[in-house]
Amino acid sequence: MSFEFFGGTSPVDVGPVYEGERIRGKQMYIEFGGPKVEKHFELCRVNQDATDGKVTIIGPDIKDMEEGSSVPIGIHIEVAGPQLEEDLEAVFERRIHEFCNFVNGIMHLNQRYTNWMRLSKTAYEKGFDSLNILGAILIRLFKAELPIIEKAQVTFYTDAEKIKEPHAMAMKVYNARDERARGLHDEDVDMYYGCVLCQSFAPTHACCITPDRTSLCGSINWFDARAAAKVDPKGPLYEVPPGECLDAFAGEFSGVNDMIKKRSLGEISRIYLYSGMEFPHTSCGCFEAIDFFIPETGVGHGIIDRSHNGVALNGLPFSAMANQTGGGKQMPGFNGISIQYILSPKFQQYDGGIKMVVWMGKTVKDRIYELLPEDLRDKIATEEDVSDLNDLPAWLEKVKHPIIETEEYKAAVAGVEEEEEWEEEGAMMPVGTVGMTIPGVGGAGGFKVILKNCKIHAESIIIKKIESRRGKKK
Ligand code: SF4
Ligand code: ZN
């Protein structure tokens, strides 16, 4: 299918069938944004003065770029229409991801200031050599898929200097949206919302968006979801009546369970909104951050976000943990979350909440430092304080982290000490210890498996039950 646009035809096909297309490093012609590029963003705003069909490129166009390079990208879409209101901007903005992925030869990942897009060599060779083509496609799709948009214009920024100002403006807009959402809590409303935009990648995944739990992609808060469900109730964002509250502390609601049962086609039947350990919310692939359990602390958690270079405290980089976390699975111990959710008073409260976070990647901690509880923020280690799990207990003791008072932590640390004694007595070739966690069925508890001295053979296997914190209100 060729794709007609203003004044021309797209050199490549465009349609939902191309969603999910992967473009690996070797196949790409140019990479826009992503972790190698300092400033990049995508933003949608309502502007009733938008000029329909106008595409502007500020900086070099694709044909002027060096093959294989990673370049800045700002995508600023302005839309107009009598029914449009500011609350709809974030939801429109989230569609940039979907619409770019409709293009055969473009892979788009993430959102906001973590957006990342690749153009394939094949598409370039077919003549996709200008962002004007992408701009025209986006305008056409926005108007066709969202009929309340009557006019749309797109501005691309690809110049490292000239992107700075619009990038700062976009960050301000994101912050204002987040700040507004932080003022509202789950008990203040009688309607939650759902989103299935990510089902093309993760068919059993549906987000439940509440005031306290901004969507895990970080781009749709409760206000945004409400506005979208109002203008298009049959669309990908919809109302979720919470129904009966089955467990206020865990965040279990009959209406949310019914929603996930239906939307996951029976695959998932229960969700605890405020737990990453038991019946956790599913994760698709575009979570801003991962909340991961650290079994060696008994009850502690770490948080790593997408911008983190290098490995987390558990020795895994974000990408490896993302593979564990994503795909629409319910994966206790690995929970995809938005950064805003970390700041909610309900944040994983069932697992001990923010007080049980012992480690955060520096990128995420720097971003929210001022908003973290004052008596806790300097007690949460980053990779600059602790990069080896073995050094964590000394740090926690030194800063008097609240976790050290918990029975779970004391038991975990005592267990490790016992093992060390055992290792000294029975050591033959101390060549390495490998630990892993096996989550329990349905998200409850689980086991930890430790393989000791396992370079040549496993000298011992320790299987430990992980106690759940069910009902421990701390
Ligand atoms: Fe929707 Fe959730 Fe995907 Fe965000 S992560 S687009 S809220 S399904
Ligand atoms: Zn997603």
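This is a predicted model: local features need pLDDT of at least 70, side-chain atom pairs count only at pLDDT 80 or more; totals for chains, interfaces and linings use all residues.
Local features require pLDDT of at least 70 and side-chain atom pairs count only at pLDDT 80 or more, whereas totals for chains, interfaces and linings use all residues. Residues are numbered from 1 along each chain as its sequence is written, with chains lettered from A and ligands numbered from 1 in the order in which they are written.

Four strands build an open sheet of mixed pairing, ordered 4-7-10-5; strands are DSSP runs of E with at least two residues, helices runs of H or I with at least four, both numbered from the N terminus, and two strands pair if DSSP finds at least two bridges between them. Strand 4 (40-46) and strand 5 (55-58) each have a single partner strand, so one side of each lacks a neighbour in the sheet. Strand 5 runs parallel to strand 10 (residues 151-157), joined by four bridges, and Thr-56 stands opposite Thr-155 in strand 10.

Helix 1 packs on this sheet, touching strand 4 and strand 7 (73-80), and its direction makes about 135° with that of strand 4. Contact here means C-beta atoms, placed from the backbone, within 7 Å; angles run from 0 to 180 degrees between N-to-C directions of lines fitted to C-alpha atoms, for helices over the stretch in contact. Helix 4 lies across strand 4, strand 7 and strand 10, at about 65° to strand 4.

In helix 5 (residues 222-231), seven of ten residues are buried, that is, with 20 or more other C-beta atoms, placed from the backbone, within 10 Å of their own. Among them are Trp-222, Phe-223 and Asp-224. Their cover includes helix 1 (89-101) and helix 4 (164-182).

Definitions and conventions
A residue is buried if 20 or more other C-beta atoms lie within 10 Å of its own, exposed if 12 or fewer, and partly exposed in between; C-beta atoms are placed from the backbone. Two residues are in contact if their C-beta atoms, placed from the backbone, lie within 7 Å.
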